[in-house]
Every structure is written in structure tokens, then in C-alpha cells.
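This report describes one protein chain for a reader who is new to structural models. Please look at the sequence and the structure before reading on.

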Amino acid sequence: MIDPVTAIAGATKAFTMVKAMVEAGRSAEDTMMQIGKWYGHASDVMYAEKKARNVNPFKRVVFSGSVQQEAMQAFAAKKKMEAQQKELLSIIGMVYGKEGLQEFRDMRKQIAKERADTIYRQQEAKEQMLAGLLILLSIAIVVGTAIFIASG
């Protein structure tokens, strides 16, 4: 899974840079590049929050304390990202106006969809493969133990 701690740190750094660039009067294009970096990290944070909500039953039983902690961290990170996003959208609206803000939102939706289709599906496929291997290993151990007991 994408490390939410690293993602939130990257998003916070990018957000701080955007604010500094706006205060320093940097060009809109430079600032938008930094906002793009923020959205990349924020997307990872939101994905981690989604994954924390949809924990598989095996992990919920075996790592219950860890699951609760992970969910709380993901929730706090999500709320931080939402507050930062609201401020960034305000900045974009001031620089490009209402039409520019709508165009940005449309582009962001398209990019988010493409990102979900590639990066996150690959991550989910890896996790499913690992879960499958763990199930096969567990079955092999149970069958091996049963054969050992039956032959002894």
C-alpha cells in the first residue's frame, strides 16, 4: 500500500510551497505545477483512507489494533487534505476565475480517473496476489499437518 505518512508529508510540503509561491508573486504556471504535485500526494492520502475503510476480514481479526490506528491516521490525513484543497481551489479561482476553476476541476477528475485505472489497480492486484499466496500457504500447511498426523 502507498505509505500515507510519506504521502501526507509530501502533500504538506507541496502545499507550503504553493502558499509561499503565491505570497512571493510567482507566476501562475509555476504555482500550478506545485499544485499538481500536491494533488498527486493528496490522491495517495485519499486512497489510503479508502483502503482503511475497506479492510479485509483477515486483517481486521489478526491486526485489529493496527487497523484502528491506521483508520484514525487515514481519517485525520483526509481532513487535512480537504482543508488544504479548499484553500488551493480558492487560489486557483483567484488566478484563473470561475471558468478556469471549472476547467481545472474537469481536468482533475479525468486525471484522477486515469490514475485510479493504472496505479491503484496495479497496487490492488499485488495485494490480491499476496493474499492468494498466503491462503495457498495456509492450505499447504494444514494439508501437510493432516498428512503427517494421519501417517503417524
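The model is predicted, so local features are given where pLDDT is at least 70 and side-chain atom pairs count only at pLDDT 80 or more, while totals for chains, interfaces and linings use all residues. Residues are numbered from 1 along each chain as its sequence is written, and side-chain values use heavy atoms, with hydrogens and water left out.

**Confidence**

pLDDT is the predictor's confidence in each residue, on a scale from 0 to 100. The protein chain has an average pLDDT of 82, and 90% of the residues score at least 70. Among the elements of the chain, helix α3 (residues 57–62) has the lowest mean pLDDT, 58, and α4 has the highest, 86. Where pLDDT is low, the predicted coordinates should not be read in detail. Helices are DSSP runs (H or I, at least four residues), numbered from the N terminus.

**Helices α1 and α2**

Two packed helices are described by the angle between their axes and the distance between the axes. Helix α1 spans residues 4–23 and helix α2 spans residues 28–53. Their axes come within 8 Å and cross at roughly 155 degrees. Here axes are lines fitted to C-alpha atoms, for helices over the stretch in contact, and angles run from 0 to 180 degrees between N-to-C directions. Helices α1 and α2 are therefore roughly antiparallel to each other, a term for angles over 145 degrees. The crossing of α1 and α2 is left-handed, meaning that the near helix is turned anticlockwise from the far one by less than a right angle.

The residues in this contact include Ala14, Met17, Val18 and Met21 of α1 and Gln34, Trp38 and Asp44 of α2. Contact means heavy atoms within 4.5 Å. By class, the contact of α1 with α2 has 15 nonpolar, 4 polar and 3 charged residues. Ala, Val, Leu, Ile, Met, Phe, Trp, Tyr, Cys and Pro count as nonpolar, Asp, Glu, Lys and Arg as charged, and the others, Gly among them, as polar.

**Single residues**

The table lists relative accessible areas. Buried means under 20%, exposed over 50%, and partly exposed in between (1.4 Å probe, protein chains only).

| Residue | Relative accessible area | Class |
|---|---|---|
| Gln34 | 12% | buried |
| Asp44 | 11% | buried |
| Gln85 | 19% | buried |
| Arg108 | 28% | partly exposed |
| Glu114 | 42% | partly exposed |

Gln34 is in helix α2. Leaving out residues up to four places away in sequence, Gln34 touches Ala14, Met17, Val18 and Met21. Asp44 is also found in helix α2. The C-alpha atoms of Asp44 and Arg26 are separated by 27 Å, with the two residues 18 apart along the chain.

Helix α4 (residues 64–151) holds Gln85. Apart from neighbours within four places in sequence, Gln85 is in contact with Trp38, Tyr39 and Arg108. Arg108 lies in helix α4. With the residues up to four places away not counted, Arg108 touches Tyr39 and Gln85. Arg108 and Tyr39 are 69 residues apart in sequence and 8.6 Å apart in space, C-alpha to C-alpha.

Glu114 has its place in helix α4. Glu114 and Glu124 are 10 residues apart along the chain, and their C-alpha atoms are separated by 15 Å.

Notes:
Helix = DSSP H or I, 4+ residues; strand = E, 2+ residues; numbered from the N terminus. Parallel < 35°, antiparallel > 145°, perpendicular 65-115°, else oblique.
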